Amino acid sequence: MNLATLLDEWRRTPEMMRNVAHWHVEPARIARFRAVPDWVHADLRAALQARGIRQLYAHQAEALEAVHAGRHTMVVTPTASGKTLCYNLPVIDTILKDPAARALYLFPTKALSQDQVAELHELCGHLPSPVQSFTYDGDTPLHARQRIREAGHIVVTNPDMLHAAILPHHTKWLRLFENLRFIVIDEAHIYRGVFGSHVANVLRRLRRICRHYGSRPVFILCSATIANPGELAAELTGEEVAVVDQSGAPQGERHTVFYNPPLVQPELGLRRSSLLEARRFGTRLVREGISTIAFVKTRTQVELLATYWKSDVPERLRDRVFGYRGGYLPNERRRIERGLRDGEILGVVSTNALELGVDIGSLEASITVGYPGTIASFRQQSGRAGRRHGVSLALFIANASAIDQYMVQHPEHILEGVPEAARLYPENLLILTDHLKCAAYELPFAPEERFGVETTGELLEYLAHHRVLHQGRDGRYFWMSDALPSHSVSLRSAAQDNVVIIDQTAARPQVIGETDRFSALTTLHEEAIYLHQSRPYQVERLDLENGKAYVRQVDVDYYTDAELAVRLQVLDVLADKPAGAAARHHTGELMVNAVPTLFKKIKFDTHENLGWGKIHLPEAELHTVGYWCRWDKRSIPWDNERWETALMGLAHVLRHAAALHCMCAIGDLHWAAEVRDPLDGQPTLYLYDAYPGGVGLAERVFRDADPVLSIARAMVADCPCEAGCPSCIGPGRGDRAAKALVLRLIDETRTAEASD
Amino acid sequence: MARSLLERLAALERSVGRRPEATPDGADGGDAAGSQAADGGAATPGEAATGTAPRPGGDIVRESAAPPGAGTAPAAGATGAASSEGLWALGFRPVDPSGGVWYRTLRYDLLTVHGRRQFADLARCDLSAAARALGVDELPAERLRFYDTETTGLGQGAGNVPFLHAVARIEGDELAVHQYFLADHTGEPDLLTALTADHFAPGSVVVTFNGKSFDWPLLQARLALWRLPRVAAAHADLIHASRRLWRRRLGRVALAEVEAGVLGIHRSGDLPGREAPARYFAWLEDGRADWVEPVFEHNAADVCSLAVLLVVVADLLAGREPARGAEEWLALARWYDAWQAYDLAARCYTGAAASPDAGYEARWLKSLFHKRHGEWAEAVGIWTQLAEAYPHAVPPLVELAKHYEHRAGDLEAAARWAWEAWARASALARVADEEAARWREVADHLRHRIDRILRRQAAAARVSRSSGASPGTPAAAPAGAGSRTPRAQPRG
């Protein structure tokens, strides 16, 4: 049965349609073409013709002209709209006209860069004169590196390599930096949050080195659809950027289905598990031979859903279903990607790792299990299904959370809404300082030189005071340590090192994955069940000091879920303002102490609780920036219990509303609430950034407190439950008036004008 | 309540487990300071003087007698003087008025004995073979530049700064050691300009120890960084030759080990090289020359040793000094072999095999040499000995099997050796280690060989029965008969 027939069947099934909140059909769209500009080198035109390209899509031509005019350019068009030509054409054209010219391509992951080089080689293969492009990453053999440094016209790499291998050794890349004409940044929307903040600083270092060698490269960026492409590009590159955002590429017919699992217990707002629905839909699609990708939120869910699919599909299809997530080793991932491209693999369950443009070919159906946190991310995920021709399906299965319920009831938000802005925060003190050190290692700093921020001079002085830098007689700051600073800075994880996961089931222990230290506290404590490719492993020992977790394969029917106990301390109030009549919003620095306390054993399939155990691990400390609201307890005549119900409920929904507003993952913001805050005994609610030094999320919540409260209010008020349910105000509120309490607290807290 | 940017940063760094680097008033480096202040100071190494007279000359800023490091103990009495004063006392003079670069020359009479040699040997010895072994066209004594640096860190990154450069060269009847000290980072372009102009003009030949992978590319990187022209010079790196000659004897082939184990140079009170960066940083902090003085000595001693090391290598290669031990003989044999100097190679292989410490390798390599030259009797003799002396060795047996099957045409002997080899390889394949798989493969190959020999034996038996020939004569013309003539095709 093909997809179109299956969709017809679903439409005719009342049990199905009862739960479909919205079914949107986007008709097929035809292409808009423009001629290849005259100035393009004849060899390149011939090469394009040889590949069957006689004209360009409108956006490609537009980008080409902008770059040709020497403008930094950001191309924002959907998946599979031929973005790569937008940068390959001007780059190759320039190299054909000036063989000394060089270009640097940056992709967020190694896998992506390999795909790109393959495509680039294909195009270059049709050229009479050689245009050399090479991938330079951790896998590049040593003997090839010298040649790449000297002869590579186009060097394809990733930010990590740029940070750790290329910039600190820029003298070896003299030829590249002297002649660098283009810096291409693909998948630019990935560079947001902590990673983006790091990358923005790496690019500051890159620009600094280009200046030193006298080159002024043009930036060409490509991104999925986001609200603020120009702003993001400017923050990343520090330059003004022209935006091309009208796609001229064709698209097949697309069905977007919003599915809300049925309520199983209306008063609690309990719904059927979205994961179990995904199990049902996915199995059906795969059984019909429809290539399907499902996106879930956590690594554990990847393993769970993949296991379900494997067990439900017919025997013959079992080997064609896979899980895919961060933490798998590269060659394992590569094998899965290849399988998807070849059509060998029919079903894959992934975290957002496959949102990126890793070339997995074009699938027919995508299932998004739970709102991925951003519209941009949702569009990336659904873009994985259906490229230029043919029917495709994007199925969104909402879970019971406030955010999902909000989304499934406001489909226009996803379908027509402006996608969120991608934000980064390159001024995070830790990140900035780390890169300032790296930059000083690379080239001495003049005292008046600015590295992104006004306070550069102060920071340089600080580093000199701590003997990291030395101020020479002419006032310049020089690196003064025998260490290589980039070695201790990872762009991907928090400030700590990773924990590797070692399987000692076999005689020869084997590394099967890794995770960051903070997650290790809750996922790799002793006795935790760690899932890898659907196989459960039990953690036997966690050696935090050496960053190793030893696991062994076990045969169990449960997984584990750990809890953290958190203690908060305000270090410094940066700003505060009134919130309604008797409360104040604050933002400032917090110290958070977290210690994992206990874990629950939860049965597969039924998700029932089988028991629990204690976790003995040291406390983790986090210095960060928080937002908090403090009420005068007397302003509302509630007893402690009511206050607690209202605070907990508000915290739950506010965190979701804030994540929605700030375009971040729920996990990027943590919360805490105290009826009697240790500081002055008043009811207080905290939201704080889950990254040392803060990444601007809590500050934004402080600035936009009223709009965030309004979203929170809508989430609670629009929820069909009667007295408050896990989806709106969180689980476990016994009070029948809970929903009303939370709404009252929100109303008391918003300023008068903002009320509606 | 507002905290300063710097307080916030310090707290943040602490919270993520990053110890902010020690502050200047911290205890970090204090120990070194104390000990250095006690025995440091402007040393005047007058001990072990060989009596060179002071020489006139514009750039001669310091006369020194003994090679530095060779038994020189620093004189007592720390100066603790301000930077320029301390450097002046050590014989340094500023290169430019800004005082970023300082320079001194140490001069040693060529008759000075350093370890087992004199510097004068450099002018006397035959460097042509050494040139060949070190991969340069020539080693003209007066154009040699023995070069070494001290750096602030490891690796080739742009933040690793060579802060002290030494070039030793023959000037008249002296060995002159020129040292350039980066007293302040600001001066690096001036330093590099002076250094390259003075010593690395076209035609000069740089001699280093591990310089091909460290000092020289680092120098080029510094030139690139400051946008100065690169320098091109022939480069002889002694580390590879040293590894070939002495790896087994020394274990770790670093200059200090070569000095102690081969050159007979024993440094006393020498500063370990890894402490150099900390010394330099301490100098940058307070400008006390006694921090870096031991680094100067260490660095000068290094280039002096390079000169002597080259003499020792050259004499071995030129045959002026007999090799000692199988390892040296083998190293020489392999060089000569590669140069197709077969007589010399043969002599060295013999020397290696005859050496009291000759082991399996020496005799095995000698046998392969004979094999390449078709000297079968010698080769077979060695293989037979090895087969007996080393009950686990497989390759000599394989060679014997091949020899008897293809050349001697003695299928019975071939089968006997092949069976024995197979038994040994199979035994090794049963040992569970990384090599097991390889031995299994060897055993499989031998199995095929044995099968083939048996087939040929059977065929020979049929032929002999039908033709009435007596059994025992070679069954078939040895396949390798045509290759009995010596083949002079050395490998490598």
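**Figure 1. Chain B as a whole.** Of the contacts in chain B with a separation of 6 or more, 67% are between residues 24 or more positions apart; a contact means heavy atoms within 4.5 Å. This is a predicted model, in which local features need pLDDT of at least 70 and side-chain atom pairs count only at pLDDT 80 or more, while totals for chains, interfaces and linings use all residues. Residues are numbered from 1 along each chain as its sequence is written, chains are lettered from A and ligands numbered from 1 in the order in which they are written, and side-chain values use heavy atoms, with hydrogens and water left out. Chain B has 18 helices and 10 strands. Helices (H or I, at least four residues) and strands (E, at least two) are DSSP runs, numbered from the N terminus. Chain B has 492 residues, and 53% of them count as buried. Buried means under 20% relative accessible area, exposed means over 50%, and partly exposed lies in between (1.4 Å probe, protein chains only).

**Figure 2. The interface of chain B and chain A.** On the two sides, 44 residues of chain B are in contact with 46 residues of chain A. Together the chains bury about 4300 Å², of which 58% is on carbon and sulfur atoms. Buried area is the accessible area (1.4 Å probe) that two parts lose on being put together, summed over both. Seven residue pairs are in polar contact across this interface, both residues being at pLDDT 80 or more. α1 (5-15), α7 (215-225) and α10 (276-286) of chain B each give at least two residues to the side that touches chain A. The largest share of that side, nine residues, belongs to α1(B). By type, the residues on this side of chain B are 21 nonpolar, 14 polar and nine charged. Ala, Val, Leu, Ile, Met, Phe, Trp, Tyr, Cys and Pro count as nonpolar, Asp, Glu, Lys and Arg as charged, and the others, Gly among them, as polar.

**Figure 3. Salt bridges between the chains.** Three salt bridges are counted between chain B and chain A. A salt bridge is a side-chain nitrogen of Lys or Arg within 4 Å of a carboxyl oxygen of Asp or Glu. One salt bridge joins R467(A) to E285(B), with 3.5 Å between the closest N and O atoms. R473(A) forms a salt bridge with D184(B), where the closest N and O atoms are 3.9 Å apart. This pair runs from the loop between β19 (469-471) and β20 (477-479) of chain A, which holds R473(A), to the loop between β8 (174-182) and α6 (188-199) of chain B, which holds D184(B). R473(A) is partly exposed at 48%, whereas D184(B) is buried at 4%.

**Figure 4. Salt bridges within a chain.** D680(A) and R630(A) meet through their side chains in a salt bridge (3.6 Å, N to O). D680(A) is in the loop between β30 (669-674) and β31 (684-689) of chain A and R630(A) is in strand β29 (residues 620-631) of chain A, so the pair ties together parts 50 residues apart in sequence. D680(A) is partly exposed, with a relative accessible area of 42%, and R630(A) is buried at 11%. In chain B, a network of salt bridges links R107(B), R169(B), E171(B) and E174(B).

**Figure 5. T105(B) and its polar contacts.** T105(B) is part of strand β3 (residues 101-109) of chain B. Its relative accessibility is 0%, so T105(B) counts as buried. The side chain of T105(B) makes a polar contact of 2.9 Å with that of Y103(B) and one of 3.2 Å with that of H178(B). A polar contact is a pair of N or O atoms within 3.5 Å; within protein, one must be able to donate a hydrogen and the other to accept it, and residues adjacent in sequence count only if both atoms are side-chain atoms.

**Figure 6. The surroundings of H525(A).** H525(A) sits in the loop between α20 (517-523) and β23 (529-532) of chain A. H525(A) is buried, at a relative accessible area of 0%. Not counting residues up to four places away in sequence, H525(A) touches A520(A), V539(A), L542(A), A562(A), F599(A), I615(A) and L617(A).
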